[in-house]
Amino acid sequence: MSFGNLIKKLQDIMRTDPGINGDAQRIEQIVWMLFLSLYDAKEQEWEIIDKNYVSIIPEEYRWRNWAIDNKDGKALTGDELVTFINKLFRTLKNLEITPDTPVRGRIVREVFTDLNNYMKDGIAIRQMVNEFTKLDLADFQNRHAFNEIYETILKDLQSAGNSGEFYTPRAITDFVTRMVNPKVGDTVADFACGTGGFLVSALKHMTQNDSADTIESNKKLQSAFYGVEKKPLPYLLCTTNMLLHDINNPEIIHGNSLEKNVRDYDEKDKFDIILMNPPYGGNEKKAIQSNFPRELADSETADLFIVEIMYRLKKSGRCGIVLPDGLLFGGDNTKTAIKKKLLEDFNLHTIIRLPGSIFAPYTSIATNLLFFDNTHPTKEVWFYRMDMPEGYKAFSKTRPVELKHLAPIEKWWNDRKEIEDEKKSDDSSVTYKAKSYTVAEIADHNYNLDLCGFPQEEKVILSPEETIKNFIEKREALEKEIDAKLEELKQLLEIK
Amino acid sequence: MSTICDDLRAAILQAAMQGKLTKQLPEDGNAEDLLETIRALKSNDKKSKIQLGAVKNNDKPFNIPSSWCWGYFGDLVFNHDSERKPVSKEKRSRDNGQYPYYGATGAIDVVDDYIFDGDFLMIGEDGGNFFVSRDNSFIAHGKFWANNHVHVVSMTNMNINYMKHFLDSCNMPAMGLINGIAVPKLNQKNLNSIAVPIPPFAEQKRIAEKVDELMARVADLEQSADALASLRKAFPDDIKASLLQAAMQGKLTKQLPEDGNAEELLDQIKAERDKLIAEGKIKKQKSLAPITDGEIPFNIPENWKWVKLADITTYKMGKTPQRSDETYWKDDFAWVSIADMPENGTLERTKEKISQKALSEKFNNSLVPKGTLIMSFKLTVGRCSILGIDAVHNEAIISIFPYIDANNSTRDYLFATLPFLSNFGDSKDAIKGKTLNNSSLSNLLVPLPPLAEQKRIVERLDILMQNINVVGDLIASE
């Protein structure tokens, strides 16, 4: 069943409950029920493999023992159910954890630490639980369900657009993974893993391409993945996502990897493969910036992540990362220093320019795929501009980008040639869709990596009088805004 | 204006600590009583031996309301520094990590166990942010571990948020509390010796909440302030572009009948060109296609004419001698690459130089004379400089020689307008990283005024641009 429909049904039920106030609480309700039902399905698998498996959840609170409604009038509902659920939360928040508790057990307490039950109407709760019992686990694994759920939730929250939180379209994640080509035996990391899209993509790629498929390879895969995520909800979903994909003790950290000083990293903190789509537009405080060498540190989150990657990529390791235009163009000292270091210490071999609508409908920000490895200094960088496929003016919610749209890039990847754009007329200058530039040429261009880019929207140059008028008008508007805010501040300062 | 927001933040904290942000309410009682309670608690606590006593008058930096009192930091909190334990990086890397591991400026790792559980105020000891910002401390909740680079204190009867704001209001270096040159250090003795203005407990909470609310508003204000700053920053370039466009439309200068018209100038140019061809000084080039109405970017005055660059100038591309041959690269003659070219300026020096041998073999023994206009046309398109020295240049640059030039009027006119014109032609579909070639260079469209008006345009632009630079500086520094 489609998740869009499920979520909608659940939201309709929740609207009747007096305890729920707003979208954030609705999400929490969905998440805890989703988690318990999925966890139970997973436990069924674990019980088959391990006869001695003991659940960390006390028997009476296990999903299978209270959620199923056999329509015989015995299922908990109404006030009884509300009381039961509140007890369940208290119990799960206080589960006893020892250093020996495996991650898959510990997760239950961690998940419930950050969650609450807000619903007061036991009948509504019963209705919701019944919707969940209709789910089929197999659906999840095949359809990157978590990303769908989270994106559905994000869409509804209308909070897409805050702190650069956009989930990378499946096609892009899979493409980047394919080109970086992780193999069984490699360690794979994502320091801003969100719901785990890149990690799962890598896992699938490695399993599909593993000719050996032995117990040995499975063992290697179990400890191959490492993720860090700052926000609690994606962190929960990521951990659960990994569990669902049979990584039993996933190493996903709930935290901010930028809080660690890059000079403190050593071999143990490095990885063979790094895949990421870092958040953009974030503003990092001085405390965070002080974890990076001064000349490479600014307040832009994505920039700091690139520097972190440079300190954590193993020798001969490979990286694929999604980045906005900002760093590519950016001419300030720090951005230039970062690009210089990337070109001097690493082999930045490919940059793919993506069209603005790739992340539709969340944002139209211009993004790029950068591929580099830790083998030798860059000699030349190949640029390739992905143009809109035939029949598409732009990607959208109903017509998103698909892997097949990226097939021409893959074809070009393995047989790289310069591709000139069709000229407008004999006298037009030559522009390129694909071309390689040497490091000397890039240095001469002030490390501005905005090459093989998209046609600019013509910037209209007004007359001098109009330019001045425009400036004065906009300035007045902003000054009014500032004055209003200052006035508010003044009023607040009045002693009460 | 972001400094105004910084000033605001500092002022808010100062006012908070002097009791000027909140009303002193009689029902709050007296801070003296609060201090007594704390003293009694501490003297019963075996671990806390420090009793610094009443604050000396010299240590009181400002006046406080009558219901408040002063106390030394060490007397107000329980210090847990002795319970700290560093954990080796090696052990940390082996931990799966579910508890934060705190250092001087915040969480630096995660570990498997915890030594503290509760609400604690953490103040940087070694390597804190004392100079960088006022973020001297942070609050830790729940279970965590701390190393010995951060002080760990707890408190009862003092509001932890108030204490954090108080510490943020302290300029610790200025107060002489920081030692150490390589790694700045706030030791326990100095931390304990800080005099704290103590409001009654209920007022502490009100102050903390008020400060939080105000800081949120300041952050909001900062956004508008930053937008205004960007607008101001963009203005000088915007107005320069619009002036340049107006100049080339003949709108900055008067068209005078005594100037004659561009047709006459063109005839002179053609004559000069034919002369040079006859003398063998330049090669005859195939004639260029005439300019169609559709190609014309904008209208120009009656006595001007749209021409192509090759109609009014001859130009030469340069070369790069083989890098592998070191006999070509000595310190004899300046060799220009785009990175050497100042934007809109005179070029006085180059990073690299070539040898006499290279000049003879690769450049036909001729240097481009000082005073020549040069322009880049690959990758960076349209950057113009005037040579301040004799030099040669690479193949991404052309040196430009107008056929007719009186006192460099045409050279200067092109110097001002080519940056705009070289990017304008295809700007509808301008693609970054574009490269012009011989053909597109020859066919660059230039609006040609009579010589005398060319001179007046250059003079007018000079004055206006100087003016803009002054205005631009003023606006940027507002």
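Predicted model: local features only at pLDDT ≥ 70, side-chain atom pairs only at ≥ 80, totals over all residues.
I'll take the strand first. Strand β6 of chain A covers residues 347-353. Is β6(A) mostly covered or mostly open? Mostly covered: of its seven residues, six are buried.

β6(A) has two pairings to show you. With strand β7 of chain A, residues 367-373, β6(A) runs antiparallel, and six bridges join them. In that pairing A:I351 sits opposite A:L370 of β7(A). With strand β8 of chain A, residues 380-385, the sense is parallel, over four bridges. Here A:T350 is the residue opposite A:W382 of β8(A).

Now the interface. On chain A, 62 residues are in contact with 66 residues of chain B. The size of an interface is often given as the accessible area lost when the parts come together. For chain A and chain B that area is about 5400 Å², with 58% of it on carbon and sulfur atoms.

How many salt bridges are there between chain A and chain B? The count is four. One of them joins A:K485 to B:D220, with 3.3 Å between the closest N and O atoms. Eight residue pairs are in polar contact across this interface, both residues at pLDDT 80 or more.

Which elements of chain A give two or more residues to the side that touches chain B? They are α5 (103-113), α13 (286-289), α18 (439-444) and α19 (464-493). α19(A) supplies the largest share, 16 residues. By type, that side of chain A has 23 nonpolar, ten polar and 29 charged residues.

Conventions
Residues numbered from 1 in each chain as written. Chains lettered and ligands numbered in written order. Heavy atoms only, no water. Buried < 20%, exposed > 50% of the residue type's maximum accessible area, 1.4 Å probe, protein only. Pairing = 2+ DSSP bridges. Contact = heavy atoms within 4.5 Å. Buried area = accessible area lost by both parts, 1.4 Å probe. Salt bridge = Lys/Arg side-chain N within 4 Å of Asp/Glu carboxyl O. Polar contact = N/O pair within 3.5 Å; in protein donor to acceptor, adjacent residues only side chain to side chain. Nonpolar A, V, L, I, M, F, W, Y, C, P; charged D, E, K, R; others polar.
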